[in-house]
Amino acid sequence: MDITLQDVEYKYQINTPFEHLAIHDINISIPEGTFMALIGHTGSGKSTVLQHLNALLKPTKGKVHIGDRVIDAGKKEKNLRPIRQKVGIVFQFPEHQLFDETVEKDICFGPMNFGVSEEEAKRRARELIVEVGLPEEVLQKSPFDLSGGQMRRVAIAGVLAMEPEVLVLDEPTAGLDPRGRTEIMDMFYRLHKQKGLSTILVTHSMEDAAKYADEIVIMHRGQVKKTADPRTIFSNPEELLELGLDVPEVVKFQYSLERKMNRKIGKTCLTIDELSMALREMQVRGESL
Ligand SMILES: Nc1ncnc2c1ncn2[C@@H]1O[C@H](COP(=O)(O)OP(=O)(O)OP(=O)(O)O)[C@@H](O)[C@H]1O
């Protein structure tokens, strides 16, 4: 399912004295199966954009195409439930939304609310609890007896139980330890590849944007500043640093190496392996380092 934002503007509390223009002139195209990272300073409008992807917010100008549906600023919308099922959002700190007495009931709540049978919902819960890296026994526990990281995984399983076609992730690893972060991001990447899930990730981690995304969108003051693949985005570290954004460690290392050598390596490397290969190729060509 493709999603396209076309000239989207959103004003919070429109037509009140507190009206606030959060995003404007947003044009983003997310073809089916894309892994897109949305990066930008705090307050640049990332979460506001995300909430348009499953019609939680309706643009105050412009249109959002979600599969065959069009959410149009000027028109009333009916029956948004199919969109909510197809586009799953993992909000920041999703574990805060757990409420049921067992993990199983919590995971089954969403699908059963959308008409899935209890048997099928339980089958999904059994499959997904393992997918998110927890043992099946956890299903009969209270979510509130789990650690914060385990609760996060349960909440993610609840979103996946809806079997969405598009997964929207608003800083899904915030507050987790480094190992938990890698495990969760690798899981999302695996799901993206295995199920062909379109994935839109808001992150402050440039390492994650470089590692997982096909395309990166930079948001700045409510607008899209730039859209390109990671290699192109990180080929100009100064531009990102000027916007107050970071770059992956390997890019910083390459940048300082190039200054020391007083020459360009030739391509932007996003991993240490790529960088050492590029240096070896230079040596083979007889260029002293
Ligand atoms: N409910 C709201 N009412 C009024 N203004 C809001 C509301 N939510 C966000 N804003 C404003 O809209 C702008 C964009 O906010 P948004 O949360 O989309 O940014 P963000 O890039 O996701 O930030 P962060 O990285 O801190 O989550 C900001 O100026 C913010 O203060």
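Gly88 stands opposite Leu167 of strand 7. Strand 7 covers residues 166-170 and runs parallel to strand 6, with 4 bridges joining the two. Strands here are DSSP runs of E with at least two residues, helices are runs of H or I with at least four, and both are numbered from the N terminus; two strands pair if DSSP finds at least two bridges between them.

This is a predicted model, in which local features need pLDDT of at least 70 and side-chain atom pairs count only at pLDDT 80 or more, while totals for chains, interfaces and linings use all residues. Residues are numbered from 1 along each chain as its sequence is written.

The open sheet has 6 strands in the order 6-7-8-3-9-10, with mixed pairing. Strand 6 (87-90) and strand 10 (223-228) are at the edges with a single partner strand each, so one side of each lacks a neighbour in the sheet.

Met151 lies in helix 5 (residues 148-160). Met151 counts as buried because 21 other C-beta atoms lie within 10 Å; the cut-offs are 20 or more for buried, 12 or fewer for exposed, and partly exposed in between, with C-beta atoms placed from the backbone. His96 is 55 residues from Met151 in sequence, yet 8.7 Å away in space, C-alpha to C-alpha.
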